[in-house]
Amino acid sequence: MADPISVLVVDDSATMRALISQQLRTAPGIRVVGEAADPLEAREAIKALNPDVVTLDIEMPNMNGLDFLERLMRLRPTPVVMVSTLTQRGAEATLEALELGAVDCVGKPVGASAGEFGTLCEKVHVAAGAKVRDRTPRPAASVSTAPYTPGDAIVAIGASTGGVEAILTLLSTFPANCPPTVITQHMPPSFTASFAARLDRSCAPRVSEATAGAPLSVGQVYLAPGGVAHLKVAQRSGGLVCTLDESALVSGHRPSVDVLFGSIARATPRAVGVILTGMGRDGAEGLLRMREAGASTFGQDEATSIVYGMPRTAHEIGAVQRQMPLNQLGGAVLRAASATPSHASKGNV
């Protein structure tokens with residue numbers, strides 16, 4: 001029988017530490033080995049207890065959680081789940097934490113509602129099996145966009161755990177005139193607007209949250225609103241547009257990657273599908289539908305995936321035509337979407 005996952009809980013609020021610990025103790029296979037009220041206590045506790053996973057708050061005395069996380073990932077990479085307030089300020093700080101190396105995030109409970117907090121135990125289990133490494137942000141000068149000739153193909157991207165870094169890395173290679181692009185990333189409801197704004201500041205294309213009826217156009221990237229609705233693509237008289245569907249969860253998610261990919265398979269064969277790091281199997285069946293409809297399909301490889309769940313399943317069922325490292329995906333996707341057909345047949349970047 002496997003040893004339980006050992007967890008260190010770090011939060012400056014005694015009440016919140018108690019709530020987090022209580023929640024974790026309800027799950028089999030998880031053991032809370034310690035608590036810390038600030039990063040200084042946490043540093044000593046990590047040395048003494050060597051936890052498998054750390055839950056971490058952002059706003060704490062002595063050193064804020066982001067500074068602590070940056071040092072932890074640089075000196076002793078450890079799986080971290082951020083426990084954050086579901087506010088705009090909290091979302092922006094948590095997104096920075098995910099870029100620094102945190103595996104996932106969960107919202108703090110508000111009042112009597114558990115909300116996102118109810119997924120904490122599942123996310124700790126996922127984090128325990130994730131690949132963590134020093135992910136010091138790249139210097140801006142090292143990022144260069146890849147060539148692309150606008151055509152009629154669209155790009156669809158699906159991701160979950162580890163997707164913040166992966167999507168940022170991928171879109172950093174996209175030029176300002178990139179293919180019309182739609183993205184579903186599993187994320188708490190209040191986080192996707194901040195994530196879209198962060199991508200818009202960091203990347204050459206225009207990036208925004210998707211709205212119903214928004215036209216798919218060159219240089220525009222749309223992100224599915226987290227927790228609100230499934231993002232779909234539909235054919236209208238003026239061309240392809242975004243639609244939002246507030247129906248039930250699919251593959252355990254809303255928005256669901258399967259729903260996005262499936263809608264594109266029905267709407268157009270001129271598409272490129274990309275499945276990135278994430279837990280579970282959401283997106284695999286939809287990507288297969290896209291490939292069967294004539295789309296080009298790509299998957300992130302195991303070595304560069306934080307969690308090789310979604311890409312693995314898609315690869316195993318034959319949905320992925322080409323699997324490659326994250327740093328090669330951007331150029332390959334742009335070649336496949338380019339108006340020049342011969343580009344798609346050339347080798348890797």
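Author: The axes compared below are lines fitted to C-alpha atoms, for helices over the stretch in contact, and their angles run from 0 to 180 degrees between N-to-C directions. The model itself is predicted.

Reader: How are α6 and α7 oriented to each other, and which hand does their crossing have?

Author: The axis of helix α6, residues 163-171, comes within 10 Å of the axis of helix α7, residues 192-202, and the two cross at roughly 30°. Angles under 35 degrees count as roughly parallel, and α6 and α7 are therefore roughly parallel to each other. As for the hand of this crossing of α6 and α7, it is right-handed.

Reader: How many of the residues of α6 are buried?

Author: Taking under 20% relative accessible area as the cut-off for buried, the buried residues in α6 are Gly 163, Val 164, Glu 165, Ala 166, Ile 167, Leu 168, Thr 169, Leu 170 and Leu 171. Helix α6 is thus mostly covered, and the number of its residues that are buried is nine of nine.

Reader: How are α8 and α9 oriented, and is their crossing left-handed or right-handed?

Author: Helix α8, residues 257-267, and helix α9, residues 284-293, have axes that come within 7 Å and cross at roughly 15°. That angle makes α8 roughly parallel to α9. Where α8 passes α9, the crossing is left-handed.

Reader: Where on α3 do its buried residues lie?

Author: In helix α3, which spans residues 65-75, the buried residues are Gly 65, Leu 66, Phe 68, Leu 69, Leu 72 and Met 73. Because they cover an arc of only 155° around the axis, these residues are placed on the same side of α3.

Reader: Which residue has a side-chain oxygen that reaches the backbone nitrogen of Leu 66?

Author: The contact is found at the start of α3, where the backbone nitrogen of Leu 66 has a side-chain oxygen within 2.9 Å. A polar contact is counted for N or O atoms within 3.5 Å, and the residue that supplies the oxygen here is Asn 64.

How values were computed:
Residues numbered from 1 in each chain as written. Predicted model: local features only at pLDDT ≥ 70, side-chain atom pairs only at ≥ 80, totals over all residues. Heavy atoms only, no water. Buried < 20%, exposed > 50% of the residue type's maximum accessible area, 1.4 Å probe, protein only. Helix = DSSP H or I, 4+ residues; strand = E, 2+ residues; numbered from the N terminus. Arc of directions from axis to C-beta. Polar contact = N/O pair within 3.5 Å; in protein donor to acceptor, adjacent residues only side chain to side chain. Parallel < 35°, antiparallel > 145°, perpendicular 65-115°, else oblique. Left-handed = near helix turned anticlockwise from the far one by under 90°.
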